[in-house]
Amino acid sequence: MKRITLYLLLFLIISCQKKKAEISNNNNMTIRNGQVIIPANHPVLQKITTETVMEKEYTNSITSVGTVETIPTHYAEIASPFSGRVIRSFVYIGQPVKAGSPLFEMASPDYFSIKKDYSDASNDLQLAEKNYHRQKDLIKYGVGIQKELEEAETEYKNRKYALSSISSALQVYNSKGSGGRLLIKAPISGEIISNTVVNGQYLKDDASPVVIIAELSKVWITGDVKEKDIRFINAGDSVSIQVNPYPDLKITGKVYHVSGIMDEATRSIKVLIECNNPDKKLKPGMFASVIYSTGSGKAIIIPASALLQQGSRQYLWIKTRGNQFSKRFVTTGKATDTTVKITSGLQPGDMIVSQGGIYMPDMK
């Protein structure tokens with residue numbers, strides 16, 4: 001009896017193994033010798049799409065994150081060069097201005113005092129210059145004294161330097177005005193992006209800027225490139241820019257500068273990209289993706305929908321012949337939202353399931 005029971009148990013085990021190896025668990029699909037065989041009228045065939053793998057032109061690239069910034073020469077922060085009270089403001093946020101346009105006017109005793117110093121220094125210079133020329137004439141006709149000429153020359157140079165210093169103070173921020181009134185003018189052309197000037201407010205000469213002008217038709221994008229990739233980046237290289245608010249906007253730029261210093265903490269190097277920004281869509285402070293081209297060649301590129309995951313490995317379904325399919329593990333390279341580069345596991349001419357692979361039976 002025991003022997004009969006043992007034979008019966010052995011028969012059942014062999015039958016189960018044979019059934020597992022040859023008969024599918026999914027509506028008459030069968031698995032035999034590592035191949036999935038799908039009957040011609042099976043509904044899964046309507047859900048899958050196949051395509052033949054071919055090599056395609058492929059551009060290798062590096063992507064880094066960057067931040068949009070103003071170009072320093074296209075940006076100006078204006079504060080009052082003298083203490084005083086605002087009389088009138090001429091600008092508002094968003095207003096375009098030309099270099100030399102009036103921004104605001106203020107009454108400033110300090111400005112009036114410096115203008116008086118300028119007037120006094122100008123008169124002193126005229127007197128010193130006349131005395132100097134007079135001493136030169138006396139020496140020329142043999143009745144002068146050399147020491148007095150030298151003293152007159154020194155006095156003339158000192159007065160000239162003093163007037164130059166005061167004149168520089170009056171030219172701060174291209175300021176002009178009459179009496180004690182000070183007219184502050186725009187040092188660059190651009191757009192008013194910040195304005196905190198209020199009529200009647202008192203400004204100190206060490207106060208923070210009250211007007212900011214930026215010319216945003218061109219901007220910089222600063223990004224970090226890893227040490228291992230910096231050999232691919234050179235000044236003048238063309239790059240592609242992507243920003244989240246405008247995913248379909250095609251933006252190009254050029255590498256303006258590659259820093260000569262590496263950040264030891266991140267092992268990366270700063271790269272400046274210059275971009276045209278005619279529509280002002282790139283805003284300072286906005287994040288951007290910078291794509292650097294590192295060369296091109298041929299590679300096998302497949303739809304991302306064809307790739308499936310098993311643990312830490314990735315695989316595809318390969319159509320071998322007829323309606324027979326086999327699982328093949330592959331190694332992948334760079335991926336986008338829609339495509340994946342295959343570095344090993346596929347050859348040109350292989351036919352893959354590009355969509356619908358999830359409907360295939362599980363083969364561990």
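This is a predicted model: local features need pLDDT of at least 70, side-chain atom pairs count only at pLDDT 80 or more; totals for chains, interfaces and linings use all residues.
Trainee: Two strands pair if DSSP finds at least two bridges between them. Which two strands form a hairpin with 3 residues between them?

Mentor: Strand 20 and strand 21 form that hairpin. Strand 20 covers residues 324–335, and strand 21 covers residues 339–344. The two run antiparallel and are joined by 3 bridges. Strands here are DSSP runs of E, at least two residues long, numbered from the N terminus.

Trainee: How many bridges hold strand 17 and strand 21, and in what sense do they pair?

Mentor: There are 4 bridges, and the sense is antiparallel. Strand 17 itself runs over 287–303.

Trainee: Changing topic. Which strands make up the open sheet?

Mentor: The open sheet has 4 strands in the order 5-12-10-7, with antiparallel pairing. Strand 5 (75–78) and strand 7 (96–97) are at the edges, each with a single partner strand, so one side of each has no neighbour in the sheet.

Trainee: What does strand 13 pair with?

Mentor: Strand 13 and strand 4 pair antiparallel over 4 bridges, and V68 stands opposite I221 of strand 13. Strand 13 also runs antiparallel to strand 16, with 9 bridges between them. W220, for instance, has E274 in strand 16 as its bridge partner.

Trainee: I221 again. Which residues touch the most other members of the largest nonpolar core?

Mentor: I221, I241, I273, C275 and Y292 do, out of 21 residues in that core. The elements giving it two or more residues are strands 4, 13, 14, 15, 16 and 17. A second, separate core has 20 residues, among them I78, V97, V197 and L203. A nonpolar core is a set of buried Ala, Val, Leu, Ile, Met, Phe, Trp, Tyr and Cys residues joined through side-chain atoms within 4.5 Å.

Trainee: What is I241 in contact with, beyond its neighbours within four places in sequence?

Mentor: The list is I221, L249, I251, G253, I273, C275, A288, S289 and V290. Contact means heavy atoms within 4.5 Å.

Trainee: Last one. Where is N277, and is it buried or exposed?

Mentor: N277 is in the loop between strand 16 (268–276) and strand 17. N277 is buried, with a relative accessible area of 4%. Buried means under 20% relative accessible area, exposed over 50%, partly exposed in between, with a 1.4 Å probe and protein chains only.

Trainee: What does N277 touch, apart from neighbours within four places in sequence?

Mentor: N277 is in contact with L216, S217, K218, V219 and L282.

Key
Residues are numbered from 1 along each chain as its sequence is written. Side-chain values use heavy atoms; hydrogens and water are left out.
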